[in-house]
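Colleague: I have not worked with this structure before. Could we go through it in questions and answers?

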Amino acid sequence: MRNYFKNLLQIVVALSLITSLSSCSYNSIVKKEEEVSKTWGDVETAYQRRMDLIPNIVKTVQATANFEKSTLVAVMDARASATKVTMNIDPNKLTETNVAAFQSAQNNLSSTLSRLMVVQENYPQLKSNESFMALQAELEGTENRIAVARRNFNAAVNDYNSTIRSFPANTTASMFGFQKKGYFKSDPKAATVPDVKF
């Protein structure tokens, strides 16, 4: 009988210890997951600001210059594609695949915007247009905001992923189905050194 109570006491203590550890880990993981969701919202907000600027830039360019229509169409198509991908990303499912799809659409938009900014050099009347210059400055500021939002998101993801992979939180994460989140990665084209010719 004495061994029975001793064994029962050990089981109760073990269960209490496991419950308290998993409760602390669970709350911590939830808090970190919420931080990932919040920083994802900041990323989306920064990208949305850029998407909101694009129609104004396109209208200003169209009104100011007889600009290449193909460039303007490409910018608007890339914006539409990026908007579609953005609308389909669930903040609770920020897997590496979903984040990569979002990033790919945004990289395509960045590329077409870069072409627009480079081609505008051929149009002196566009370069002297105050509205265009103000929009261009706003776009540059937005790109900086995007970089900061992405950096903060990656920091939150790092904290979350580290937590769910560390003991004892990894046990809790496994029990409650917490999954690893994806990071923003640099554009593969960024690794290519530009060929500068004089």
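Modeller: Angles of 65 to 115 degrees count as roughly perpendicular, those under 35 as roughly parallel and those over 145 as roughly antiparallel. Bear in mind that this is a predicted model.

Colleague: How are α5 and α6 oriented to each other: roughly parallel or roughly perpendicular?

Modeller: Helix α5 covers residues 130–165 and helix α6 covers residues 169–176. They pack at an angle of about 95°, and their axes are 5 Å apart. An angle from 65 to 115 degrees falls in one class, and α5 and α6 are therefore roughly perpendicular.

Colleague: Which residues make that contact, and how many of them are charged?

Modeller: From α5 come Thr163, Ile164 and Arg165, while α6 supplies Ala169, Asn170 and Ala173. The residues of this contact divide into three nonpolar and two polar, and the number charged is one.

Colleague: Which peptide bond is cis, and where does Pro168 lie?

Modeller: The bond runs from Phe167 to Pro168, with omega near 5°, and is cis. Pro168 itself is in the loop between α5 and α6.

Colleague: What pattern does the whole chain follow?

Modeller: The chain has six helices and zero strands. Read along the sequence, this gives α-α-α-α-α-α.

Colleague: Which element has the lowest mean pLDDT?

Modeller: The chain averages a pLDDT of 81, and 82% of the residues score at least 70. Among the elements, the highest mean, 90, belongs to α5. The lowest, 69, belongs to residues 124–127, helix α4.

Colleague: Is Gln125 buried or partly exposed?

Modeller: Gln125 sits in helix α4. Buried would need a relative accessible area under 20%, and exposed one over 50%. Gln125 has 38%, so it is partly exposed.

Colleague: Why does Ile89 count as buried, and which residues does it touch?

Modeller: Ile89 is in the loop between α2 (69–87) and α3 (96–119). It counts as buried because its relative accessible area is 9%, and the cut-off is under 20%. Its C-alpha is 9.0 Å from that of Ala101, 12 residues away along the chain. Leaving out residues up to four places away in sequence, Ile89 touches Trp40, Leu94, Asn98 and Phe102.

Colleague: What is the relative accessible area of Gln106?

Modeller: Gln106 is part of helix α3. Beyond its neighbours within four places in sequence, Gln106 is in contact with Tyr47, Arg50, Met51, Ala82 and Thr86. Gln106 is buried, and its relative accessible area is 0%.

Colleague: Is Thr112 buried or exposed, and which residues does it touch?

Modeller: Thr112 also has its place in helix α3. With 4% relative accessibility, Thr112 is buried. Not counting residues up to four places away in sequence, it touches Ala74, Val75 and Ala78.

Notes. Residues numbered from 1 in each chain as written. Predicted model: local features only at pLDDT ≥ 70, side-chain atom pairs only at ≥ 80, totals over all residues. Heavy atoms only, no water. Axes fitted to C-alpha atoms, helices over the stretch in contact; angles between N-to-C directions. Helix = DSSP H or I, 4+ residues; strand = E, 2+ residues; numbered from the N terminus. Contact = heavy atoms within 4.5 Å. Nonpolar A, V, L, I, M, F, W, Y, C, P; charged D, E, K, R; others polar. pLDDT = per-residue confidence, 0-100. Buried < 20%, exposed > 50% of the residue type's maximum accessible area, 1.4 Å probe, protein only.
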